[in-house]
Amino acid sequence: MGGFRVLESFRGRDVISILDFTRRELEELFEVADEAWKLARARPLRGRILALAFFEPSTRTRMSFESAMKRLGGETLLVAGEEAISVAKGENLADTVRMLDAYSDAIVIRHRFEGAALYAAEIAESPVINAGDGRQHHPTQAMLDLYTITKLFGGVDGLTIGVLGDLRYGRAAASFLLGLTLFKPRMVYLISPPQLRPRRELLDELKSRGLRFQEAELADVLEELDILYVTRIQRERFPDPSEYEKVRGSYRVTLDMLERQAKRELKVLHPLPRVDEIDYRVDGSRFQAYFTQARLGVPLRMALLMGVLGGEA
Ligand code: NCD
């Protein structure tokens, strides 16, 4: 309890998009995440309450926030399941947010509507953390992805990164790509079935931010990659189920493919859940880094909560 305050510039901030933060702020966050277990010993968030409002399914994001808050000595309130589904209308969301605002010190929200977290942030006085709003943003996942890469490779600059999968509806992939614009990767390859190419507005944003990227086929670029970031097809976001049927199972990363073509040091990331896009045989190989990535979700979110809630350590 030396009065050392962590992440001064994060205090009381809403976390809506990865682009709300500078590269320097993210690097400071990663430094605190490295120390998170040590800082947690002082229980810097005891007496504080974090509301978890999950109006869409979640395992990792919800549980890692919950675990992070508890490790820091804080408490959590959970809104999920039936009640959550009955408040899916815009008008009721506002009331729910007012209530959570009154009962907690910060709110983590996941919702199928784009802009839901921003809307909640306008209503709530407490900080609001976006845990996924429709197909739009998932900033804490992007922080975690960039943190994982920093731990594995010492940084993001100079790396060659392939992003494979549903780049049209996937918010994790979109936030990861936006996050990469804050760094200087050598090249980013966007690899998706034609129906799942990124939306124009995302491509325009990447371009205007000066990211070096190009669309490619996996077989043409696999041997160049340091990182292959894989995502699942976001079935639940397809407006037409027959469109999903057309692309289902259209890509799959196998161990044979990696052993034949990839660099020895290549690491495969995935925000999870995985459906069938990575062969289970990759799990036990040197290429697997997605379970490491999932584990790092706790210290990363501990650092973020200490910053936003102004924990002293
Ligand atoms: C992602 C999500 O919910 O956007 N999951 C996660 O938070 N780890 C990715 C996904 O659902 O495919």
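1. Basis of the notes. This is a predicted model, in which local features need pLDDT of at least 70 and side-chain atom pairs count only at pLDDT 80 or more, whereas totals for chains, interfaces and linings use all residues. Residues are numbered from 1 along each chain as its sequence is written, and side-chain values use heavy atoms, with hydrogens and water left out.

2. A buried residue in a strand. Tyr244 is buried, with a relative accessible area of 11%, where buried means under 20% relative accessible area, exposed over 50% and partly exposed in between, using a 1.4 Å probe and protein chains only. Ala131, which lies in strand E4, also counts as buried, at 0% relative accessibility. Helices (H or I, at least four residues) and strands (E, at least two) are DSSP runs, numbered from the N terminus.

3. Aromatic pairs. Six aromatic pairs are found when the whole structure is searched; rings of Phe, Tyr and Trp (its six-membered ring) pair if their centres lie within 6.5 Å, and planes under 30 degrees apart count as stacked, over 60 as edge-to-face and the rest as tilted. The ring centres of Phe10 and Phe21 are 5.1 Å apart and the planes stand at 25°, so this pair is stacked. Phe10 and Phe21 both lie in the segment before helix H1 (23–34), so their pairing ties together parts that are eleven residues apart in sequence. Both Phe10 and Phe21 are buried.

4. The second aromatic group. Phe238 and Tyr244 make an edge-to-face pair, with 5.7 Å from centre to centre and 80° between the planes. Phe238 is buried, with a relative accessible area of 11%, and Tyr169, Phe238 and Tyr244 form one aromatic cluster.

5. Charges over rings. Which side chains place a charge over Phe10 and Tyr169? Arg13 lies over the face of Phe10, at 5.9 Å from the ring centre, and the charged end of Arg168 sits over the ring of Tyr169, 5.8 Å from its centre. The criterion is that NZ of Lys or CZ of Arg is within 6 Å of the ring centre and within 35 degrees of the ring normal.

6. Salt bridges within a stretch of chain. The count comes to 27 salt bridges, each being a side-chain nitrogen of Lys or Arg within 4 Å of a carboxyl oxygen of Asp or Glu. One of them joins Glu35 to Lys38 at 2.5 Å, N to O, and Glu35 counts as partly exposed, at 34% relative accessibility. Another joins Glu66 to Arg62 at 3.5 Å, N to O; both residues lie in helix H3 (residues 60–71), four residues apart, about one turn of the helix. Glu66 is buried, with a relative accessible area of 18%.

7. Arg281 and Asp256 meet in a salt bridge of 3.8 Å, N to O. Arg281 lies in the loop between strand E9 (267–269) and helix H13 (290–308), and Asp256 in helix H12 (residues 255–261), so the pair ties together parts that are 25 residues apart in sequence. Arg281 is partly exposed at 48% relative accessibility, and Asp256 is partly exposed at 40%. Elsewhere, Arg23, Arg24, Glu27, Glu28 and Asp157 are linked in a network of salt bridges.

8. Strands E3 and E4. Strand E4 (residues 128–133) is mostly covered, six of its six residues being buried. Strand E3 (residues 106–111) pairs with E4 in the parallel sense over four bridges, where pairing requires that DSSP finds at least two bridges between two strands. Ile107 stands opposite Val128 in E4. From E3 the chain crosses through helix H6 (residues 116–123) to E4, and this β-α-β crossover is right-handed, meaning that, with the strands pointing away from the viewer, the path from the first strand over the helix to the second runs clockwise. The C-alpha atoms of Ala131 and Val108 are separated by 6.2 Å, although these residues are 23 residues apart along the chain.

9. The five-stranded sheet. An open sheet of five strands has the order E7-E6-E5-E8-E9, with parallel pairing. Strand E7 (213–215) and E9 stand at the edges, each with a single partner strand, so one side of each is left without a neighbour in the sheet. Within this sheet, five bridges join the parallel strands E5 (residues 160–164) and E6 (residues 187–191), and Thr160 stands opposite Met187 in E6.
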